Amino acid sequence: NTKYRPFPAFPVAERSWPSKTITQAPIWMSTDLRDGNQALFEPMNAERKLRMFETLVQIGVKEIEVAFPSASQTDFDFVRKLIEEDRIPQDVTIEVLTQAREHLIRRTVESLIGARRAIVHVYNATARPWREQVFGMSLVEVKQLAVEAVSLIKTLTEAHPETEWILQYSPETFSQTEPEFALEVCNAVIATWNPTPSKKLIINLPATVEAATPNVYADQVEFMHRKLDRRDCVVLSVHPHNDRGTAVAAAELGVLAGADRVEGCLFGNGERTGNVDLVTLALNLYTQGVDPGLDFSDINAVARTVEDCTQLPIHPRHPYVGDLVFTAFSGSHQDAIKKGLAARRDGDSWDVPYLPIDPADVGRSYESVIRVNSQSGKGGIAYLLEAHYGLVMPRRLQVEFSGVVQKHTDATGAEVSADELWRLFGQEYLDAQQPIRLH
Ligand code: KIV
Ligand code: ZN
């Protein structure tokens, strides 16, 4: 459903290394309306939640965690609204989160009655600090909690066969859990739910707190991928948080290690340092010639909606979307970009220097690429005047005029717009030449 043209920046076939690359997009699950929402100063109201939901649908996300219905009335009502107002497209599955506690599970299943298809996402923490300090539970009790929760969900959902029910189980704090114990709990859950290859169960592996380098997480994911019982009946999912700033790498390595699915948020919203950023992941795939299956061809519109719904600004250097990420101020970069753009022919794959992606592919313009300040050279100035005013400057003129601009920017310390350049060209440069031209 993506509008992008094929974009083999570095065609995989031309590489002799590495031995393994991601060749297919994972299943994407957005938790913007749950993990993202629970991390906001002010959680989204129904109107904002709906706008975010519709944006996610438009982008092409097919699995959306919409709420934590037992945690708040707003969330419960939002799930009811989606179902009762028939706002969920046929090919989209909603998901809701619950703790592994009886009354919360009952309330959660109640919120979903009448849905066409729904994922019930149940979790309990499995790592030692949580077992011992938070819950005071033994290994056996922690496993039992998961099994009893799944068993109750099975009974409650079987009473509503009009809905296609999917179970998701998360051993919360997975990445800090002894791998053998996480495996034991997940295998017990699989045995209890009894999935089939056509009715799969989702096992989700959270790095609830990112506590190690991403290769360690990937090793943990690979361990589960290789050892889980009935792997053909399981969708293996990763849920990286970004405490060490490496969630994107953790997700990518997790997929290379065998995960089928990635949970995250747009622009990396989420608890503390955020969930993994789905936009960066998707566009990283795109730059490798892999169709992400998500449409960011108007990334500014998506960013505006997300900023409005979350009330959080996106950093100007955020990959692919920040205001400055397709901008070059330095003279040598501007010169290289200008030459690269001029050399392009229709149908060429993207290989313009210093730009990892064609800004137009995400709805950004070339004009914003080149901006002029005191570090810019003649190339950028010439580019802006040609792009905005059709003025083609011969090389000597570029050199002379760039001196005028340099003086101006040294004095002001500020960026110069194309309009300001045009004014400078007329008033400061041409006027100064007049006595010479009169001779
Ligand atoms: O980070 C986490 O562990 C979670 C779980 C509830 C899946 O968000
Ligand atoms: Zn999380």
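Modeller: What follows is a close look at one helix, with short notes on the ligand shell and on one residue of another helix.

The model is predicted, with ipTM 0.99 and pTM 0.89. Mean pLDDT for the chain is 92, and 94% of its residues reach 70 or more.

The helix is H7, which covers residues 179–193 and so has 15 residues by the numbering of its DSSP run. From first C-alpha to last H7 reaches 21 Å, close to the 21 Å expected at 1.5 Å a residue. Its buried residues are Ala-182, Val-185, Cys-186, Val-189, Ile-190 and Trp-193. Viewed down the axis of H7, these buried residues fall within an arc of 140°, so they line one face of the helix. In general, an α-helix has 3.6 residues a turn, so residues three or four places apart point the same way. After H7 comes Asn-194, with a positive phi near 60°.

Turning to the ligand, the residues surrounding ligand 1 include Ser-170, Glu-172, Pro-206 and His-239, along with Asp-35, Leu-97, Tyr-123, Thr-208 and His-241. By class, this shell has three nonpolar, four polar and two charged residues.

Elsewhere, Val-57 sits in helix H2 (residues 46–59). With 17 other C-beta atoms within 10 Å, Val-57 is partly exposed. Leaving aside neighbours within four places in sequence, Val-57 is in contact with Pro-89 and Val-92. The C-alpha atoms of Val-57 and Leu-294 are 9.7 Å apart, although 237 residues separate the two along the chain.

Notes
Residues numbered from 1 in each chain as written. Chains lettered and ligands numbered in written order. Predicted model: local features only at pLDDT ≥ 70, side-chain atom pairs only at ≥ 80, totals over all residues. pLDDT = per-residue confidence, 0-100. Helix = DSSP H or I, 4+ residues; strand = E, 2+ residues; numbered from the N terminus. Expected span 1.5 Å × (residues − 1). Buried ≥ 20, exposed ≤ 12 C-beta atoms within 10 Å, placed from the backbone. Arc of directions from axis to C-beta. Near = placed C-beta within 6 Å. Nonpolar A, V, L, I, M, F, W, Y, C, P; charged D, E, K, R; others polar. Contact = placed C-beta atoms within 7 Å.
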